[in-house]
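Hi,

Here is the structure I promised to pass on. Have a look at it first, and then read my notes below.

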Amino acid sequence: MGGEQRYGEFVGVRRHGYVAELVLDRPKAMNAVSTEMARSIGAACAALADDRDARVVVLTSTHERAFCVGADLKERNSFSDAELVRQRPTARAAYTGVLELPMPTIAAVHGFALGGGFELALACDLIVADPTAVVGLPEVSVGVIPGGGGTQLLPRRVGAARAAELVFTARRVEAGEARELGLVDQLAAEGEDRAEALALGARIAGNSPVGLRAAKRALRLGHGLDLRAGLEVEDAAWRSVAFSGDRAEGVAAFNEKRKPQWPGE
């Protein structure tokens, strides 16, 4: 494992070969997302988006009992209306930073993943959770709405009616039910969510980085379109890789019965 690069006090990036681990590290506040932490998440994501050696990003937490409990409500309580308006772009950039990462992303969730914390997980392509995970979007219980992508990302996972029930009731969902409902994708043994997510990331990272980014682009852009439009999105993504060095290497390696050495271009 490579060393850790810090982004402010509360966010780090660790390298595991071609897998980058984006670490939420504000344990004293159960990773509540303050303005400073949001700014750091955005900065880390901007750097990762431009990192051609990062084929997969795994989002993890250093807190033993929480992935992330959402927005820092103690900080929010001190804001004037004008300060809240000024802070909004910084908060939003943290969530969109994760959502718009061009490579596959995996969240490793244990303990509480609530509000903005669950929205960070929802911004990832896949969610691995352990049995201690408790997820939910409780924002309406404090007079707001999910504002980090939750109202848009949750129905894309579980359908409009199920998302409405979860948002309107503000209820918390434990790991077993979360897996049944599709709120998380994979259940690991207790305490093994990070290891399982990193292992999954390593398996994914063995594939073509050009192919992975193009496949993610096609999946994201094509979702919700009618079939004909979606197939056009897919065709554009195919054309972006069909004449790439990765495609040439992949075909050659297959025929030569060897492991590909991806040029990443």
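To start: is β3 largely enclosed by the rest of the structure or left open, and how many of its residues are buried? Six of the six are buried, so β3 is largely enclosed. Buried here means under 20% relative accessible area, exposed means over 50%, and partly exposed is anything in between, with a 1.4 Å probe and protein chains only. The helices (H or I, at least four residues) and strands (E, at least two) are DSSP runs, numbered from the N terminus.

Before going further, two housekeeping notes. This is a predicted model, in which local features need pLDDT of at least 70 and side-chain atom pairs count only at pLDDT 80 or more, while totals for chains, interfaces and linings use all residues. Residues are numbered from 1 along each chain as its sequence is written, and side-chain values use heavy atoms, with hydrogens and water left out.

Back to β3. Val19, Glu21 and Val23 point one way from the strand, Ala20, Leu22 and Leu24 point the other way, and all are buried. Val23, which lies in β3, has a relative accessible area of 1%, so Val23 counts as buried. Leaving out residues up to four places away in sequence, Val23 touches Phe10, Val11, Gly12, Arg14, Thr60 and Thr62 (contact means heavy atoms within 4.5 Å).

Next, the neighbours of β3. Strand β2 (residues 11-16) pairs with β3 in the antiparallel sense over six bridges, where two strands pair if DSSP finds at least two bridges between them. Val11 stands opposite Leu24 in this pairing. The two strands form a hairpin with two residues between them, and Gly17 in the turn has a positive phi of about 65°.

Strand β3 (residues 19-24) also pairs with β4, this time in the parallel sense, again over six bridges. Glu21 stands opposite Val58 in β4, and Leu22 has Leu59 as its bridge partner there. The chain gets from β3 to β4 through helix α1 (residues 35-49), and this β-α-β crossover is right-handed: with the strands pointing away from the viewer, the path from the first strand over the helix to the second runs clockwise.

Strand β4 (residues 56-61) has six of its six residues buried, so β4 too is largely enclosed by the rest of the structure. Both faces are covered, with Val56, Val58 and Thr60 on one side and Val57, Leu59 and Ser61 on the other. Three bridges join β4 to strand β6 (residues 105-109), and these two run parallel. Ile106 in β6 is the bridge partner of Val58.

Asp51 is worth a click. It is found in the loop between α1 and β4 and counts as buried because its relative accessibility is 19%. Its side chain makes a polar contact with the side chain of Arg15 at 2.6 Å. (A polar contact is a pair of N or O atoms within 3.5 Å; within protein, one must be able to donate a hydrogen and the other to accept it, and residues adjacent in sequence count only if both atoms are side-chain atoms.) Leaving aside neighbours within four places in sequence, Asp51 is in contact with Arg15, Met103 and Arg213.

There is also an open sheet of four strands, in the order β5-β7-β9-β10, with mixed pairing. β5 (66-68) and β10 (173-174) stand at the edges with a single partner strand each, so one side of each has no neighbour in the sheet. Inside this sheet, β7 (residues 112-114) and β9 (residues 134-136) pair in the parallel sense over three bridges, and Ala113 stands opposite Val135.

Most residues other than glycine have a negative phi. Met30, in the loop between β3 and α1, has a positive phi of about 50° although it is not a glycine. Lys257, in the segment after α11 (245-256), has a positive phi of about 55° and is not a glycine either.

Cheers
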